[in-house]
Every structure is written in C-alpha cells, then in structure tokens.
Amino acid sequence: MNVRERLEAMLNPNADGLLPCPWCGSTSVVGPGWGVGQCAWCPDCEACGPRGTQSEAIAAWNSRPFIRALLAAIEQRDEALADTCDLSSSSGATMPRMPKRPGSGTRA
Ligand SMILES: [Zn+2]
C-alpha cells in the first residue's frame with residue numbers, strides 16, 4: 001500500500017459514517033448515545049472527538065484537513081510530473097535509457 005492509498009484509507013468511513021480513529025487507526029469508532037453534547041468515540045484507544053449534536057460531532061470527527069491537504073499535494077505533484085514527463089505512447093516520445101552498470105546481468 002503506497003502513501004496515497006494509506007491516506008485514502010483514512011478517509012474511508014465505517015457503516016456509521018465515521019472515519020477511522022486519527023490516533024490509533026481503529027475503524028470501530030462509534031457515537032455513544034448520540035444526543036446533544038455527545039461525541040464520536042474510539043473504543044480501542046478511548047479517544048473522544050469534539051462534542052456537539054450528532055451532525056456536529058460527525059462533521060468534527062471526520063474533519064481531516066491535513067490528510068486532504070496531503071492528498072491534494074500528491075495530486076499536484078503527479079500532475080506536474082505528468083506535464084514534465086509525458087509517458088503516453090501517442091506522443092511518440094521515448095524515455096532515454098539508463099546505461100547498464102558494468103557487471104549487471106539481465107533479469108529473467
Ligand atoms: Zn483510537
């Protein structure tokens with residue numbers, strides 16, 4: 001699993017619509033009682049998100065600005081690399097080959 005896949009997994013909600021715990025990664029996060037002043041809660045590390053109404057607590061728990069910013073930065077990097085180094089076969093361009101190191105064999 002690469003970095004992007006790990007970050008995307010952190011934005012994958014469970015059946016209750018809650019993202020994995022940002023502290024321990026557990027996907028068993030629940031909202032105990034769901035009333036005014038409740039919070040999303042991780043039974044594995046006992047982390048509790050910001051309190052509020054159910055919708056406020058879910059929104060606060062699921063707010064992951066750093067992960068979204070990292071994914072946006074990765075996307076920008078990939079687009080910049082694609083612009084710099086067009087590997088599509090339709091362009092007719094070929095990548096220069098690295099010279100072989102002396103003594104290196106060929107892989108089967
Ligand atoms: Zn946790």
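Helix 3 lies largely in the open, because the number of buried residues among its 20 is zero. At 1.5 Å a residue, the 20 residues of helix 3 (residues 65–84) should span 28 Å. The end C-alpha atoms are 28 Å apart, which agrees.

The structure is a predicted model. Its mean pLDDT is 84, and 80% of the residues reach 70 or more. Helix 3 has the highest confidence, at 93. Confidence is lowest in helix 2, at a mean of 90. Where pLDDT is low, the predicted coordinates should not be read in detail.

The protein contains three helices and zero strands. Along the sequence the pattern reads α-α-α. Buried residues account for 11% of the 108 residues. Of the contacts with a separation of 6 or more, 25% join residues 24 or more positions apart.

Helix 2 was examined next. Ala57, Ile58 and Trp61 are buried in this helix. Viewed down the axis of helix 2, the buried residues fall within an arc of 100°, so they line one face of the helix. Ala57, Ile58 and Trp61 also belong to the largest nonpolar core, which has eleven residues. In soluble globular proteins, nonpolar side chains tend to be buried together.

With neighbours within four places in sequence left aside, Trp61 is in contact with Leu18, Leu19, Ala40 and Gly49.

Two residues of the loop between helix 1 and helix 2 were considered in detail. Gly52 lies in this loop. It counts as partly exposed, with 16 C-beta neighbours inside 10 Å. Gly52 touches Ala57 and Ala60, residues up to four places away in sequence not being counted. Gly52 and Cys39 are 13 residues apart in sequence. Their C-alpha atoms are 6.6 Å apart in space.

Glu46 is found in the loop between helix 1 (3–9) and helix 2 (54–62). Its phi is near 65°, a positive value in a residue other than glycine. Most residues other than glycine have a negative phi. Glu46 has 10 other C-beta atoms within 10 Å. The cut-off for an exposed residue is 12 or fewer, so Glu46 is exposed.

Methods. Residues numbered from 1 in each chain as written. Core = buried A, V, L, I, M, F, W, Y, C linked by C-beta atoms within 7 Å. Contact = placed C-beta atoms within 7 Å. Helix = DSSP H or I, 4+ residues; strand = E, 2+ residues; numbered from the N terminus. Expected span 1.5 Å × (residues − 1). Arc of directions from axis to C-beta. pLDDT = per-residue confidence, 0-100.
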